[in-house]
Amino acid sequence: TPIPDKGRILTAMSLWWFEQLENLVPNHVVSLDVPAEVEGRAMVCRQLRMYPVECVVRGYLTGSGLAEYRSSGTVCGIELPPGLRDGDRLPDPLFTPATKAEQGEHDENISFEEMARTVGLTHARRLRDRALAVYEAAADIARERGILLADTKLEFGASPVPGEPDVVLGDEVLTPDSSRFWSADRWVPGEPQTSIDKQYVRDWLTSAESGWDRDGTVGPPALPAEVVARTRERYVEAYERLTGRRFDG
């Protein structure tokens with residue numbers, strides 16, 4: 001079900017983050033000179049050879065990491081101190097790579113060693129270090145604006161031109177689709193957090209109200225108008241609070 005203005009918000013937000021991070025990591029943006037029919041929802045980008053991994057960084061315990069921690073005391077195989085609660089800030093941000101699945105498939109968490117076998121140890125280390133640096137810089141920026149960056153997914157590629165950077169930030173970055181944003185003034189460890197991202201849609205789809213059994217035979221149901229409206233509100237809130245700009249939708 002389409003979320004009104006979602007493409008415009010994700011594009012504008014990614015552009016803003018690329019600007020904030022340009023002194024830390026190069027990105028793939030060339031210009032905003034695009035056809036009128038996609039203006040505000042597209043950008044011209046340099047071609048990259050994308051690394052076939054998702055660079056996930058977690059700063060707080062939640063989601064699939066929380067489920068694993070409760071069963072084994074680890075997150076993606078990384079041992080953590082006992083007694084952590086849902087929503088607790090981790091002692092240090094964790095780099096937890098994942099496979100880059102085909103459309104319609106689910107990404108799967110992999111170890112750093114598995115990642116190194118895929119992209120090579122040198123590139124694996126560089127991607128890990130750059131992803132952690134991006135997360136920490138972005139988390140500081142978000143915290144100044146009253147938002148906690150619980151986790152995020154980053155994608156990097158290499159320029160095909162010899163001599164150009166081989167770790168370039170691409171795709172969308174630090175949006176409500178690729179990150180978990182929590183309002184700092186409503187953060188209560190030990191309880192489900194108030195999200196300002198697409199978690200609201202996930203929660204509805206997994207609720208009894210949706211009626212979706214998720215057995216793989218039937219696709220997800222259409223989103224009710226109320227869920228669509230509240231999802232859009234969260235996307236707009238994330239954009240406006242982070243950028244300090246008004247979204248004129």
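These are my notebook entries on a predicted model of a single chain.

**Ground rules**

I number residues from 1 along the chain as its sequence is written. The model is predicted, so I ask pLDDT of at least 70 for local features and 80 or more for side-chain atom pairs, while totals for chains, interfaces and linings use all residues, and side-chain values rest on heavy atoms, with hydrogens and water left out.

**Entry 1: overall fold**

I looked up the secondary structure first. The chain has six helices and 11 strands. Both are DSSP runs numbered from the N terminus: helices are H or I with at least four residues, strands are E with at least two. Next I checked the radius of gyration, which is 18 Å. That is close to the 18 Å from the globule rule for 249 residues, so the chain is as compact as a globular protein of that length. The radius is taken over C-alpha atoms, and the rule is 2.2 Å times the number of residues to the power 0.38. Along the principal axes, the C-alpha trace spans about 55 × 45 × 45 Å.

**Entry 2: burial, contacts and surface**

I then asked how much of the chain is buried. Of the 249 residues, 44% count as buried. Buried means under 20% relative accessible area, exposed means over 50%, and partly exposed lies in between (1.4 Å probe, protein chains only). I also looked at contacts, meaning heavy atoms within 4.5 Å. Among contacts between residues at least 6 apart in sequence, 63% join residues at least 24 apart. The accessible surface comes to about 13,000 Å², and 47% of it belongs to carbon and sulfur atoms. These areas use the Shrake-Rupley method with a 1.4 Å probe; for residues, only the protein chains shown count as cover.

**Entry 3: charges**

The chain carries 29 positive and 41 negative charges, and their mean positions are 2 Å apart. Lys and Arg count as positive, Asp and Glu as negative; His and the chain ends are not counted. Each charge is placed at NZ of Lys, CZ of Arg, CG of Asp or CD of Glu.

**Entry 4: salt bridges**

Side chains of opposite charge can pair when their charged atoms come close. I found 17 salt bridges in the structure. The criterion is a side-chain nitrogen of Lys or Arg within 4 Å of a carboxyl oxygen of Asp or Glu.

I went through several of them.

- Arg8 pairs with Asp5, with the closest N and O atoms 3.3 Å apart. Arg8 is partly exposed at 30%, and Asp5 is partly exposed at 21%.
- Asp88 and Arg85 meet at 3.0 Å, N to O. Asp88 is buried at 9% relative accessible area, whereas Arg85 is partly exposed at 44%.
- Asp140 pairs with Arg143, the closest N and O atoms being 3.0 Å apart. The two are three residues apart in helix H4 (residues 121–144), so about one helical turn separates them. Asp140 is partly exposed at 42%, as is Arg143 at 33%.
- Asp185, Arg186, Glu237 and Arg241 are linked in a network of salt bridges.

I picked Ala238, which lies in helix H6 (residues 225–243). Ala238 is buried, with a relative accessible area of 0%. Which residues does Ala238 contact, leaving aside neighbours within four places in sequence? The list is Met13, Pro176, Phe181 and Ile196. Ile196 is 42 residues from Ala238 along the chain, yet their C-alpha atoms are separated by 6.0 Å.

I turned to Ser14 in helix H1 (residues 6–21). Ser14 is buried at 2% relative accessibility. Not counting residues up to four places away, Ser14 touches Glu172, Val173 and Thr175. I also checked Ser14 against Tyr239: they sit 225 residues apart along the chain, with C-alpha atoms 9.8 Å from each other.

Most residues other than glycine have a negative phi. I noted two residues with a positive value.

Cys76 has a phi of about 55° and is not a glycine. Cys76 is in the loop between strand E5 (74–75) and strand E6 (78–79). At 18% relative accessibility, Cys76 counts as buried.

Leu174 has a positive phi near 55°. Leu174 is in the loop between strand E10 (168–170) and strand E11 (179–183). Leu174 is buried, with a relative accessible area of 0%.
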